[in-house]
There are 2 protein chains.
Amino acid sequence: MNQSATYDRIIHNGCVVTLNPEFDIVEDGVVCIQDGLIARIEKKAPDFSSAGEWIDADGGLILPGLVNTHGHLPMSIFRGLADDLPLAEWLNDHIFPAENRFINSDSVKTGAWLSCLEMLLSGTTTCCDGYFLEDSVAEAVLDTGIRAVLAQGVIDFSAPGVSEPAQNLEIATTYVSKWQNASDRIIPSIFCHSPYTCSKETLVRAKEAAAKAGVCFQIHVAETKNEAARIQNEHGLSPVKYLDSLGVLDEQTLVSHAVWVDDGDIDILSSRGVGISHNPESNMKLASGVAPVPKFINAGIPVGLGTDGCASNNNLDLFTEMDTAAKLHKVVSQDPTVMDARTVLRMVTIEGARALGLDDRIGSIEPGKWADLIVIDLRQPHLTPMYHPASHLVYAVRGSDVRDVFVQGVPLVRNRQVIGLDAEEIMRQAAALGRKIWQAD
Amino acid sequence: MNQSATYDRIIHNGCVVTLNPEFDIVEDGVVCIQDGLIARIEKKAPDFSSAGEWIDADGGLILPGLVNTHGHLPMSIFRGLADDLPLAEWLNDHIFPAENRFINSDSVKTGAWLSCLEMLLSGTTTCCDGYFLEDSVAEAVLDTGIRAVLAQGVIDFSAPGVSEPAQNLEIATTYVSKWQNASDRIIPSIFCHSPYTCSKETLVRAKEAAAKAGVCFQIHVAETKNEAARIQNEHGLSPVKYLDSLGVLDEQTLVSHAVWVDDGDIDILSSRGVGISHNPESNMKLASGVAPVPKFINAGIPVGLGTDGCASNNNLDLFTEMDTAAKLHKVVSQDPTVMDARTVLRMVTIEGARALGLDDRIGSIEPGKWADLIVIDLRQPHLTPMYHPASHLVYAVRGSDVRDVFVQGVPLVRNRQVIGLDAEEIMRQAAALGRKIWQAD
């Protein structure tokens, strides 16, 4: 079967890091793409096949596209606006005023475009976003070709584009209906900001709406010590136990951060089947703390990596995020064997996909999955020599080493350049917006 | 004076981050180079000047070249050979056997070349090395054009190229004499491996030899908890107090790591004028611990950043090292204001130069200093918009964003390519060596 097939594209002459359950690595491998799907993985080029396009990986690594499980795409326009500050001063004196003044449909689209470009150029093919005026984010996702889990934020305050807090949930629910069947590349979701900015009623109603629509319910949980203390004080429970008491934790819930959790909380997260987005660089930069990720993984919880928004990182490069994650947990646990390279590489691919509930379609190179693929250029001094591909990908490769990117079989980056997109114009718009934000800060 | 001068090169149309004591940043700035030195810094191009070559920074950042205060250049050939292992297994089962079998003059030169290429391409213009067969490292430094503090290692065991341990110090001392006046770009030094691999007598004699020659004395100190416990057990003192009791700590001593030190040790390091090389990524990856860097800085100690060797990092990119350093200390101290961007940027420039005793010649863009300069390309999505140059350099710029590199006024990298050097051939040699090492591992 398929012995003499013609494929749309064949990527050959690369080392295929499949991320399948066996962690198979196919040297001198070939990936055949047909109708946007991965059709076949072989060792050496199948000379009985033909293709619309042959792509020579030039001895590089062929990987599934990376999965960024948490972010706020439009916030890239605030990249580096205010750093090294106490959290309250950062938010109240810089980020909130800038959001109030400058966030509108146009700026959200500019920021989302900018983030999509940065993510594609650094090998991310699926991201997960929660913000406001989210229709503009969806438009940027459609324009740029990336895949995204998108949610209009829910919060019990007024928000950009929403003057009446009571409308937030309705707008978020309408957003899900609007985008649910619009594109394979847009997976709508509902995002409650946190257990301290949403009431019990809002949390329960939002989760009910997500469950009814069959979509993921996202929420920031236990990010800071202050939050954990506040929830404990107001509700007599840890943030995780509080949310569990409301019935909002299940297999279709994605918890971001989960820094301030104890063993009892981890048992709950594990037994409910919740996914976790770990954001080490953001948690470090804001001094939030270190999530007990090795415990999450031991408990069988799906854990993905996230960059968080550019205002608290300040980049969207999942390769450096992997490197940081691997090293941070080693030093914190005083054990150089934890968070080994394969574990961390799984977090930005198949485990991230699992945390988002998308592991049947993305996260590994296996026949029948969407052809979301990247090629890494190894012909550089900092990537020479190579002994173990997984170790190289975590500790030596950087986002700038991504040569080609395909989403659903469509080439979006070739030879380190986005194709068919006007990156210059987006950078020009973002820089102009940045000058206005700077003058007002 | 100099009003109508002709310069060798003028770099213009960039934002000059001087790293001078006032932390002056000159927008739309110009740096004039003459006879390998920085001759002049101006705002806007001086139209009364002419130059052999005008270099358009295209709106990018112009910085002093970065200073890597600790490494083992030849070890890049072991990059990623063995990761995620307990320290003893990593050393005894992989690194030491590979060194025993494969380290010779040729492999040291190949590894040193490879490291120099990687460092130059990521903006490092001065590095500090301690290894064996160090003549080969000096040759690679001369060939590639980088600047380096170089030391033949001293240890009370046999070492690559030295069968008789008693000869180690003599060879190291001869090395200093040989290279002391050979080139502006080679600054010889003496490197004792550690207080547990060198006897009291070796330490004292090595320091005496360094002092006599007027060169820097380098040593790994208090890197691991085990080392600190061992020295305490054997000598009844902490590693720092033990070395101080031997009289080897002074303004011409550079201590690498300094992880396991207490407040009394910090007082000693400060009062003796010792410099420290902080290696956060290596310390994290090997789970050694977190050095109390904010305390060092508060005590006025010159602290530079180091990547350590590629076997424990696994890259030589000082931009990611800055990012990691800034974030690590924030989360460990639970304070987002520590290790702010300016402080960290100083560590890879003027403070690193100060730790090496070279701050009169490198580390900032000031008239009369060597023209070791780099240009950062800002025209990329992940560097848009820019609010604060220092913040951008620490949290968003990566080594791959370095466009041009000059050492002593000589262009070594232009448009991200090394010029006049056969990078392909070095990568081919390193890859071939890697295949042999892999087969033997």
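This report covers two interfaces: domain 1 with domain 2 inside chain A, and chain A with chain B.

## Basis

The model is predicted: local features need pLDDT of at least 70, side-chain atom pairs count only at pLDDT 80 or more, and totals for chains, interfaces and linings use all residues. Residues are numbered from 1 along each chain as its sequence is written, chains are lettered from A and ligands numbered from 1 in the order in which they are written, and side-chain values use heavy atoms, with hydrogens and water left out.

## Domains of chain A

Chain A splits into domain 1 (6–64 + 366–418) and domain 2 (66–355). The bounds come from an automatic or database domain assignment. Taken over C-alpha atoms, the two domain centres lie 29 Å apart.

## Domain 1 against domain 2

In chain A, 28 residues of domain 1 are in contact with 30 residues of domain 2 (heavy atoms within 4.5 Å). The two domains bury about 2,400 Å² between them, and carbon and sulfur atoms give 68% of that. Buried area is the accessible area (1.4 Å probe) that two parts lose on being put together, summed over both. On the domain 1 side, Phe23(A), Val394(A) and Tyr395(A) lose the most area, together 24% of what that side buries.

The rule finds two salt bridges across this interface (a side-chain nitrogen of Lys or Arg within 4 Å of a carboxyl oxygen of Asp or Glu). Asp372(A) and Arg147(A) form a salt bridge at 2.8 Å, N to O.

## Chain A against chain B

Here 61 residues of chain A are in contact with 61 residues of chain B. The chains bury about 4,900 Å², with 64% on carbon and sulfur atoms. Asp84(A), Pro381(A) and Tyr387(A) supply 16% of the area that chain A buries, more than any other three residues.

Four salt bridges cross this interface. Glu281(A) pairs with Lys327(B) in a salt bridge at 2.9 Å, N to O.
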